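Have the model open beside you as you read.

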Amino acid sequence: MARAFLIVMDSVGIGGAPDAHQFFNGTISDTGANTLAHIAQACARGEAEDGRHGPLALPTLANLGLGEAVRFASGEDAPGLGAATSGRWGAAQEISPGKDTPSGHWELAGLPVPWEWHYFPDTQASFPPEVLRAAAEASGTDGVLGNCHASGTAIIAELGAQHTQTGWPICYTSADSVFQIAAHEEHFGLERLYDLCRALAPMLHDMRVGRVIARPFVGSAEEGFTRTGNRKDFAIALPEAVLTNWVQDAGRRVYGVGKIGDIFSMTGIDELRKGDDEHLMGHLQDLVETAVDGSLTFANFVEFDSLYGHRRDISGYARALEWFDAQIGRLLPKLKEGDMLVLTADHGNDPSWPGTDHTREQVPVLVAGTGMGKIGQVGFVDVAASVAEHLGVPSQGPGRSFL
């Protein structure tokens, strides 16, 4: 029985979103952003030499059609990605009114977001008084720290010592629809942090804030503070069934790898495997060998976005892409007859672009296991419909299969 592997390369956009002019980094629109092409062009100019050297080398993804997808979506060349193709390739456009992780993943799973997310203003006082009062009351403190847009690593460096002295949680946000709470695992308590996020989630979800995120950290003022791997997202519930539900309702098994469990609030997921991207690749390699017949494996590799895109680190992004390409090259020969592997993305995050936010872009759709050739222009929702058709389960969303 056929298996499917749906792999999201978080933020690996290929430019050309027709509505990019409606999305901004600060006052600069996303028109012209192109994550893949601009990284490849910088590498070719010798401007991405930190920890790597020369033109961007992605032989596996290029062979699947990544370079063709970039040119099709945006008309730009991605130097080094000109290999002849042996897979199926295309470009997908999003219709959800956001360029964030939940919007992209929900739509890839067959459900365009049916509302406008709530975003907190980028001011020193980002949160309304009622949210601050609820956070202090739920944490049993007299107040909170932060109340602003901030980088997660920067804000614990700035406020970590004050947090451990006062016990007040650090509340902050970003350009995404999120309410994030950082707290020390020992001084504040990990389970207490989870309980705090769990208590606030209903109020924030009612405001259409997509996620309340627990951001635990350890360390001291003397040695510095470091975030741990115990992040936990409390995401808004999906209003309708998505691909994971369709597959599970058909009596099949669904494996989640990485952030998938958080993004979908574990709906339709039988088994979840977590870790950093290196560990996630190990989990994916294992599932290619062990996942049961008829199953769906839905994976997200986040570090392109979290470590390099937001930090505008072109060299780091290029290194991550080259590592990922090599790993996928080792994985593809292990696919069984009848398997389909789809590589795509949820939005862009052009590290050459002004600001630190995601960029509104089309994304690649690269398919191994179903022949070769051009897929052309598709929608995010068509990815879910195509996976469902491959697995032989009913598609309940608006997408149309490109198989």
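Start with His358, whose side chain makes a polar contact with the side chain of Asp176 at 3.5 Å. A polar contact here is a pair of N or O atoms within 3.5 Å; within protein, one must be able to donate a hydrogen and the other to accept it, and residues adjacent in sequence count only if both atoms are side-chain atoms. Before going on, keep in mind that this is a predicted model, where local features need pLDDT of at least 70, side-chain atom pairs count only at pLDDT 80 or more, and totals for chains, interfaces and linings use all residues. Residues are numbered from 1 along each chain as its sequence is written, and side-chain values use heavy atoms, with hydrogens and water left out.

So where does His358 sit? You'll find His358 in the loop between strand E14 (340-344) and strand E15 (363-368); strands (E, at least two residues) and helices (H or I, at least four) are DSSP runs, numbered from the N terminus. His358 is buried, at 0% relative accessible area, where buried means under 20%, exposed over 50% and partly exposed in between, using a 1.4 Å probe and protein chains only. Setting aside neighbours within four places in sequence, His358 has contacts (heavy atoms within 4.5 Å) that include Asn25, Lys99, Asp305 and His310.

Two of those names come up again in the UniProt record: its unreviewed entry has a "binding site" annotation covering Asp305, His310 and His358. They span 54 residues in sequence, yet no two of their C-alpha atoms are more than 8.3 Å apart, so they gather at one spot. Such annotations may be inferred rather than shown by experiment; the positions follow the numbering used here, and feature names are shortened.

Now look at Asp305, which belongs to helix H11 (residues 303-309). Asp305 is buried too, with 4% relative accessibility. Beyond its neighbours within four places in sequence, Asp305 is in contact with Asp10, Ser11, His310, His347, Asn349 and His358.

Back in the loop between E14 and E15, there's also Gln362, buried at 3% relative accessible area. Its side chain reaches the backbone oxygen of Gly16 at 3.0 Å. Not counting residues up to four places away in sequence, Gln362 touches several others, among them Gly13, Ala73, Gln93 and Gln377.

Finish at helix H13 (residues 380-391): eleven of its twelve residues are buried, so the helix is largely enclosed by the rest of the structure. Just after H13 comes Gly392, with a positive phi of about 75 degrees.
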